[in-house]
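Morning, everyone. I have one structure to walk through today, so let me put it on the screen.

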Amino acid sequence: MPSLTLLRQQSKLADPREQLKILAAQDQVPTFDAQLETHQLPLLQAQTLETLQVNLGRLCNMTCEHCHVDAGPDRREIMQIENVEHCLRALAHPGFQTLDLTGGAPEMNPHFRLMVRRGREMGKRIIDRCNLTILLAPGYRDLPEFLAEHEVEIVASLPCYLEENTDAQRGDGAFQKSIQALKRLNEVGYGAPESPLKLTLVFNPVGHSLPPDQGQLESAYREQLRSRFGIEFTNLITITNMPISRYLSELVAQERLEEYMSRLIQAFNPETVPGVMCRSLISVDWEGYLYDCDFNQMLALPVSPPRQRHIRDFDYGSLEKRPIVTQRHCFGCTAGAGSSCGGALNPG
């Protein structure tokens, strides 16, 4: 479990260009565009813009092993109010249905609550991608009530219902803190049957496998968390570990990158392609620059020209139907049942 981010370790892989260089050197793996052509599929193109996903910064109270953002307590990047206001102006477009707030720990941005309030005033669906442990931190313990008051949907990371596996990925004590936070969320109404307060748990594999069947895993989580802790939740989604940032660093250190990339390409599922999240989403980084998805953001792959590159210049129409920028990491979204911010794309 790293105590410092790649950036503070002065790792070469803190530089997105180094990550792209390593991915480009995987000669045994075709490019993503070539794979689409092999399956007689069109190159990826956005269809609409339904979700504005905003990364509020890389500051986080945790340093998780597989974090694709390389977030942590030693990062200081935070979206400032000027770009927050640009994001809210863009969100006002009637085509947007959802404001998806992520980080780092998005709640640590001082403008997080402002964005929630303003987004709800517009009638938008608000998602908070929460690491759970932040809800127990000093200064944030009233968050469950705030989120419930504004009917914010919580998408909460819990890599496993077993303490050992969760702590291995997220740090010693993370599991017990997550359980405490889930109980707090249940106390204010999250996850209860028929409750409008949605609590989604997120599983991502510990190790180098693909996620198991999402429905079966949800049943196992529900039985384990209910019987052992009395915890209820709305649903569970599975997300594949993307071969970028800290997880890429781990694969390289263990000399397992070629094996993992081969696993992704062998599991390529053409039926997942129509549902990949980049076709209905635009991603904004903490500085206000635009990307096709959160993963492209971390690899510094901006939306393709001549589209505008910054949220201050946002024009909804010009970003619809745009070509999507792809790289070999995109195989992580199309392997097996597929993977997106909303979980499996083709759960069967």
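I'll start with a pocket. Helices α1 (16–24) and α11 each supply at least two residues of the lining of the second largest pocket. That pocket has a volume of about 260 Å³. Its lining counts 20 residues, and Ala14, Pro16, Arg58, Gln297 and Met298 are the closest to the centre. By class, the lining has eleven nonpolar, four polar and five charged residues. Keep in mind that this is a predicted model.

Now take Met298 from that list. Met298 sits in helix α11, residues 294–298. Is Met298 buried or exposed? Buried: its relative accessible area is 5%, and the cut-off for buried is under 20%. Which residues does Met298 touch, beyond those up to four places away in sequence? Pro16, Asn55, Arg58, His68, Val69 and Ile244.

On to the largest pocket. Its volume is about 420 Å³. The lining has 23 residues, and nearest the centre lie Arg125, Ile127, Arg129, Cys341 and Gly342. Elements giving two or more residues to this lining are β2 (98–102), β3 (125–130), β4 and β6. Strand β3 gives the most, with three residues. By class, we have eight nonpolar, nine polar and six charged residues here.

Those strands bring us to the sheet. Eight strands form an open, mixed sheet, in the order β6-β5-β4-β3-β2-β1-β7-β8. Strands β6 (235–238) and β8 (290–291) are at the edges with a single partner each, so one side of each has no neighbour in the sheet. Further in, β4 (residues 153–157) and β5 (residues 199–203) pair in the parallel sense, over four bridges. One detail there: Ala156 has Leu201 of β5 as its bridge partner.

Leu201 comes back in the packing. The largest nonpolar core has 104 residues, and Val54, Leu201, Tyr221 and Leu225 touch the most other members. Helix α7 (residues 174–187) contributes the largest share of this core, six residues. What is Leu225 in contact with, leaving aside neighbours within four places in sequence? Leu158, Tyr161, Ile179, Leu201, Gly230, Ile231 and Phe233. There is also a second, separate core of five residues, including Val155, Val202, Ile237 and Ile239.

That's the tour. Questions, please.

Methods
Residues are numbered from 1 along each chain as its sequence is written. This is a predicted model: local features need pLDDT of at least 70, side-chain atom pairs count only at pLDDT 80 or more; totals for chains, interfaces and linings use all residues. Side-chain values use heavy atoms; hydrogens and water are left out. Two strands pair if DSSP finds at least two bridges between them. Buried means under 20% relative accessible area, exposed over 50%, partly exposed in between (1.4 Å probe, protein chains only). Contact means heavy atoms within 4.5 Å. A nonpolar core is a set of buried Ala, Val, Leu, Ile, Met, Phe, Trp, Tyr and Cys residues joined through side-chain atoms within 4.5 Å. On a 1 Å grid over the protein atoms alone, a cavity is a set of points where a 1.4 Å probe fits but cannot get out, and a pocket is an open set with protein on both sides within 12 Å along at least five of seven lines; lining residues have an atom within 4 Å of a point. Grid points are joined across faces, edges and corners, and a volume is the space filled by probe spheres set on the points. Ala, Val, Leu, Ile, Met, Phe, Trp, Tyr, Cys and Pro count as nonpolar, Asp, Glu, Lys and Arg as charged, and the others, Gly among them, as polar.
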